[in-house]
Amino acid sequence: MASKGLRKILVLHGPNLNALGKRNKSVYGSKTLSEVNGLVQQRARELGMETVIHQSNSEGDLVDLIQKEAGGASAIVINPGALTHYGLSLRDALEDAGLPVIEVHLSNIYAREPWRAHSVVAPIARGQISGLGWRGYIAAVEYLSTET
Ligand code: DQA
C-alpha cells in the first residue's frame with residue numbers, strides 16, 4: 001500500500017466507448033472496454049487504490065453518476081468521448097464534485113478534426129492525457145497514486 005496517494009478513483013467513460021475494440025481500431029486501439037477496465041483496475045490495485053468504473057452513452061447518466069459517487073471518491077478519471085467538445089452539464093458536474101479530474105483521450109484530439117481540439121472539460125481538469133491509447137488511463141492512475 002502506497003503511503004501517499006488518492007485512495008478511491010471514479011473512472012468514467014462517455015458515449016461510444018462501450019464499442020471499444022470494434023470502433024475505428026486504428027484510432028482507438030483493439031482492446032475492448034472491459035479489457036481496458038481490467039488493466040486500469042489491476043494497476044490501481046497494485047498501487048493500493050480502489051476503482052469504481054462506469055460507462056454511459058448519456059450525459060445525464062454521467063451527471064447522475066458523478067453526483068452519486070463523487071462523495072465517496074478522491075479523484076475522477078474521465079474520458080468524456082464526444083461530450084468533451086460540448087458537454088457543459090458534464091463539465092459543471094465535474095467542477096461541482098470538487099475533486100481532482102484527469103481527462104483522458106485514447107486518440108490525440110489535437111491531431112484530428114479541428115472541432116476535436118476544443119475541450120470544455122480541460123479548463124476544470126487537473127490535467128489532460130491525449131493520444132497514449134489505453135496507457136493514458138494507466139498514466140492517470142499512476143499520477144493519482146503519488147498525489148496527496
Ligand atoms: C475520444 C476523442 C473524442 O473526440 C471522441 O468523440 C471519442 C473518443 C478519445 O478517447 O480519443 O469518443 O475521447
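The dialogue below turns to the ligand and its surroundings.

Modeller: Please bear in mind that this is a predicted model.

Biologist: Which side chains have an N or O atom at 2.7 Å or 2.8 Å from an oxygen atom of the ligand?

Modeller: A polar contact requires a pair of N or O atoms within 3.5 Å. In the side chain of His85, an N or O atom is 2.7 Å from a ligand oxygen. For His105, the corresponding side-chain distance to an oxygen atom of the ligand is 2.8 Å. Leu106 takes part through its backbone, where a polar atom is 2.8 Å from a ligand oxygen.

Biologist: How much of the ligand does the protein bury?

Modeller: The ligand taken alone exposes 320 Å², and the protein buries 99% of that area.

Biologist: Where does the ligand sit?

Modeller: The ligand is located in the largest pocket, whose volume is about 160 Å³. This pocket is lined by 16 residues, of which Arg23, Tyr28, Gly81, Ala82 and Arg116 are the closest to its centre.

Biologist: How many nonpolar, polar and charged residues does the lining of the largest pocket have?

Modeller: The lining has six nonpolar, seven polar and three charged residues.

Notes
Residues are numbered from 1 along each chain as its sequence is written. This is a predicted model: local features need pLDDT of at least 70, side-chain atom pairs count only at pLDDT 80 or more; totals for chains, interfaces and linings use all residues. Side-chain values use heavy atoms; hydrogens and water are left out. A polar contact is a pair of N or O atoms within 3.5 Å; within protein, one must be able to donate a hydrogen and the other to accept it, and residues adjacent in sequence count only if both atoms are side-chain atoms. Accessible areas come from the Shrake-Rupley method with a 1.4 Å probe; for residues, only the protein chains shown count as cover. On a 1 Å grid over the protein atoms alone, a cavity is a set of points where a 1.4 Å probe fits but cannot get out, and a pocket is an open set with protein on both sides within 12 Å along at least five of seven lines; lining residues have an atom within 4 Å of a point. A molecule sits in a cavity or pocket if more than half of its atoms lie within 2 Å of its grid points. Grid points are joined across faces, edges and corners, and a volume is the space filled by probe spheres set on the points. Ala, Val, Leu, Ile, Met, Phe, Trp, Tyr, Cys and Pro count as nonpolar, Asp, Glu, Lys and Arg as charged, and the others, Gly among them, as polar.
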